[in-house]
Amino acid sequence: MIAVAPPPDVRATLRHFILDNFYVANAASLSDEASLLDSGIIDSTGVLELVGFLEHDLGLTVADAELVPENLDTISRLAAFVDRKRRV
Amino acid sequence: METLDHAIPQLHDYLTHSARRLPDKVALVCRGRRLTYAALESRANALAHALVRRGVQRGDRVLVFAENGVEAVISFWGVLKANAVVSMIHPQTKVDRLAWLLNDSRAAGLITEAPLAGVAAEAARRSPHLKTLLVSGALDAAPLGGLPAASFEGAMSHESTFHPPPRANLDIDLAAIIYTSGSTGEPKGVMLTHRNMLTAATYITAYLRNVEDDVILGVLPLSFDYGLYQMIMAFRMGARLVLERSFTYPSQILGLIADEGVTGFPGVPTLFAILGGLKSLEAYDLSRIRYVTNTAAALPVKHIRMLQRLFPQARVYSMYGLTECKRCTYLPPEDLDRKPESVGLAIPGTELWLVDEEGNRLGPNQVGQLVIRGATVMAGYWEKPEETARKLRPGPLPGERVLYTGDLCRLDEEGYLYFVSRMDDIIKSRGEKVAPKEVESVLTNVPGVKEAAVIGVPDDVLGQALKAFVVLEQGSTLTEAELVHACQSHLESFKVPKQLVLVPALPKTSTGKIKKTELA
């Protein structure tokens with residue numbers, strides 16, 4: 001029998017990266033819609049780490065103009081951004 | 001509006017004067033909100049009355065614990081107008097440290113905002129001196145139970161906006177306390193009088209050639225004196241402050257620079273390193289920028305060249321200073337090509353010299369401790385007489401005190417200053433001071449940790465990055481990630497080690513002290 005791995009869930013991957021690399025006071029209560037900036041999870045060097053992860057681990061190329069909260073500020077927006085980039 | 005018949009100026013007169021002269025000019029642009037001078041003046045007046053009504057008296061300390069924002073701006077000026085002493089606190093401050101600050105300053109008031117209310121409330125419960133806690137934004141009463149809490153907006157709504165409370169302070173009274181990391185790990189409150197701050201703002205705006213038409217970018221925290229002075233100087237000139245929370249989304253800030261016609265761009269090396277790393281800078285119109293300033297740590301020459309390329313029309317200022325006197329030196333932009341490694345000359349109205357360990361004045365090309373004399377020198381450290389006596393020592397005139405900076409520098413034959421190193425082991429990361437001891441004590445307090453040492457290592461973006469070496473107790477199964485997490489939960493993010501390694505032992509001197517020079 002061949003085990004078929006489920007397609008990796010982008011949201012879970014992103015959440016995992018954020019919980020591993022940034023301080024989240026209460027991991028269970030971090031919703032996919034919570035602003036990472038407002039909740040103090042991400043700051044200017046944090047964004048660089050996040051972009052590093054998107055580029056190196058997920059193989060995306062992120063343009064400067066894409067470094068905006070509309071793409072990066074919540075787990076949902078990040079997931080949608082990754083999804084859009086992969087379709088291009 | 002207040003009539004200005006006061007012979008002796010105070011810091012908040014900057015706002016009042018500009019509001020009288022330019023009531024309808026937009027003074028502050030912040031995350032989509034635009035406030036005129038008149039609006040800021042009347043809100044600051046109302047807040048001052050609200051604070052007085054809640055028991056804040058002349059000379060009382062009021063802490064403002066908030067992100068860069070409209071409410072933080074109103075709070076700064078409102079506290080001054082209440083004849084109280086303002087202290088801006090970094091929004092990432094955790095409960096233990098905030099409680100410590102409230103108690104150290106015996107703050108009568110704490111102003112915060114809804115997203116930080118949980119941290120503020122927990123700290124406030126440990127502070128017996130607090131008379132009022134004002135929270136802006138949606139007020140969730142649950143965590144505030146039992147505290148003297150009220151809504152920031154609600155408290156202001158019925159107060160007089162036309163006049164502030166009667167003026168009680170002198171210009172030698174304290175305007176602000178700025179907390180800074182000390183080498184012992186315990187913060188020290190730098191006491192600044194109205195006179196100190198008026199003087200610093202006057203001299204700095206003079207050499208930057210600030211004008212009323214300036215539009216100044218504020219992306220550095222107001223809790224950082226360099227960030228705070230952008231607002232003070234903008235309001236002094238009747239200029240405009242474009243305030244943002246951070247440089248987190250650089251392209252957004254670059255767009256804002258273009259849209260708002262920013263003319264003054266103050267930054268720190270980390271910010272300029274991020275800027276230099278962007279791929280498409282030419283897409284933004286940065287042509288209105290008239291000057292760029294750097295302080296906090298020396299700017300590497302390659303970044304100076306990058307700024308000159310990026311802003312060919314701008315004057316680039318390399319500056320250096322410490323909170324205790326605000327600013328020591330600036331390099332006239334005309335000298336930047338000739339002396340890119342120098343931090344320049346004493347700012348107007350101050351003088352400097354170097355001394356050896358016996359206090360003898362040194363000549364050119366000798367390394368010694370920098371001493372600063374002038375009206376910007378602080379009044380001392382809040383309730384720390386020994387530390388104050390170490391830094392403020394007798395000067396040339398009988399009874400006067402000058403600032404022994406604790407920084408080792410050298411002067412060239414033309415009198416230009418070069419920073420060499422600090423005399424203590426404070427690390428400058430992202431332009432902010434970090435005491436290794438504070439980080440080490442967080443690490444050693446984790447059950448299972450035997451000892452820890454923290455050093456600064458060179459880092460392209462951060463200037464210096466924190467690197468921690470940790471020795472575990474026998475049998476402990478702690479991981480690096482768990483230790484970093486422990487740091488994150490107790491420290492502001494700029495104090496969290498970027499690298500953390502577990503080691504079997506730390507190098508020691510014969511007396512058992514950790515030999516940091518052997519760590520790398």
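Student: Which residues of helix 1 of chain A meet helix 4 of chain A?
Tutor: This is a predicted model, to be clear. On the helix 1 side they are Val10(A), Arg11(A), Leu14(A) and Arg15(A). On the helix 4 side they are Ile75(A), Leu78(A), Ala79(A), Val82(A) and Asp83(A).

Student: How do the residues of that contact divide by class?
Tutor: Six are nonpolar and three are charged, with no polar ones, in the contact of helix 1 with helix 4 of chain A.

Student: And the geometry? What angle do helix 1 and helix 4 of chain A pack at?
Tutor: About 125 degrees, with the axes 9 Å apart. Helix 1 covers residues 10-21 of chain A and helix 4 covers residues 75-87. That angle makes helix 1 of chain A oblique to helix 4.

Student: Is the crossing left-handed or right-handed?
Tutor: Right-handed, for helix 1 of chain A passing helix 4 of chain A.

Student: Over to chain B. At what angle do helix 13 and helix 14 of chain B pack?
Tutor: About 120 degrees, and their axes are 9 Å apart. Helix 13 of chain B spans residues 436-444, and helix 14 spans residues 480-490. So helix 13 of chain B is oblique to helix 14 of chain B. Helix 13 of chain B passes helix 14 of chain B in a right-handed crossing.

Student: Which residues make the contact?
Tutor: Helix 13 of chain B supplies Val439(B), Val442(B) and Leu443(B). Helix 14 of chain B supplies Leu483(B), Ala486(B), Cys487(B) and His490(B). By class, the contact of these two helices has six nonpolar residues, one polar and no charged.

Student: What about helix 7 and helix 8 of chain B: what angle there?
Tutor: About 75 degrees, with the axes 10 Å apart. Helix 7 and helix 8 of chain B are therefore roughly perpendicular to each other.

Student: Which residues meet in that pair?
Tutor: From helix 7 of chain B, Met197(B), Ala201(B), Ile204(B) and Thr205(B). From helix 8 of chain B, Tyr229(B), Ile232(B), Met233(B), Arg236(B) and Met237(B). Seven residues of the contact of helix 7 with helix 8 of chain B are nonpolar, one is polar and one is charged.

Student: Is Arg209(B) buried or exposed?
Tutor: Arg209(B) is exposed, because 10 other C-beta atoms lie within 10 Å and the cut-off for exposed is 12 or fewer.

Student: And Arg106(B): what is its phi near?
Tutor: Near 45 degrees, again a positive value in a residue other than glycine. Arg106(B) sits in the loop between helix 4 (95-105) and strand 5 (109-113) of chain B. With 14 C-beta neighbours inside 10 Å, Arg106(B) counts as partly exposed.

Student: Into strand 5 of chain B, then. Is Leu110(B) buried or exposed?
Tutor: Leu110(B) lies in strand 5 of chain B. Leu110(B) counts as buried, because it has 29 C-beta neighbours inside 10 Å.

Student: Which residues is Leu110(B) in contact with?
Tutor: Leaving aside neighbours within four places in sequence, Leu110(B) is in contact with Leu63(B), Phe65(B), Leu102(B), Ala120(B), Ala124(B), Leu130(B) and Leu133(B). The C-alpha atoms of Leu110(B) and Ala201(B) are separated by 26 Å, with the two residues 91 apart along the chain.

Student: One more residue. Where does Val457(B) lie?
Tutor: In strand 25 of chain B, residues 449-459. Val457(B) counts as partly exposed, with 16 C-beta neighbours inside 10 Å. Not counting residues up to four places away in sequence, Val457(B) touches Gln464(B), Ala465(B) and Lys467(B). The C-alpha atoms of Val457(B) and Leu519(B) are separated by 9.9 Å, and those residues are 62 apart along the chain.

Student: Now the interface. How many residues of chain A are in contact with chain B?
Tutor: 17 residues of chain A, in contact with 22 residues of chain B. Helix 2 (residues 44-56) of chain A gives the most to the chain A side, with four residues. That side of chain A has 10 nonpolar, three polar and four charged residues.

Student: What does the model score on ipTM and pTM?
Tutor: ipTM is 0.73 and pTM is 0.88. For chain B, the mean pLDDT is 92, and 98% of its residues reach 70 or more.

Conventions. Residues numbered from 1 in each chain as written. Chains lettered and ligands numbered in written order. Predicted model: local features only at pLDDT ≥ 70, side-chain atom pairs only at ≥ 80, totals over all residues. pLDDT = per-residue confidence, 0-100. Helix = DSSP H or I, 4+ residues; strand = E, 2+ residues; numbered from the N terminus. Buried ≥ 20, exposed ≤ 12 C-beta atoms within 10 Å, placed from the backbone. Axes fitted to C-alpha atoms, helices over the stretch in contact; angles between N-to-C directions. Parallel < 35°, antiparallel > 145°, perpendicular 65-115°, else oblique. Left-handed = near helix turned anticlockwise from the far one by under 90°. Contact = placed C-beta atoms within 7 Å. Nonpolar A, V, L, I, M, F, W, Y, C, P; charged D, E, K, R; others polar.
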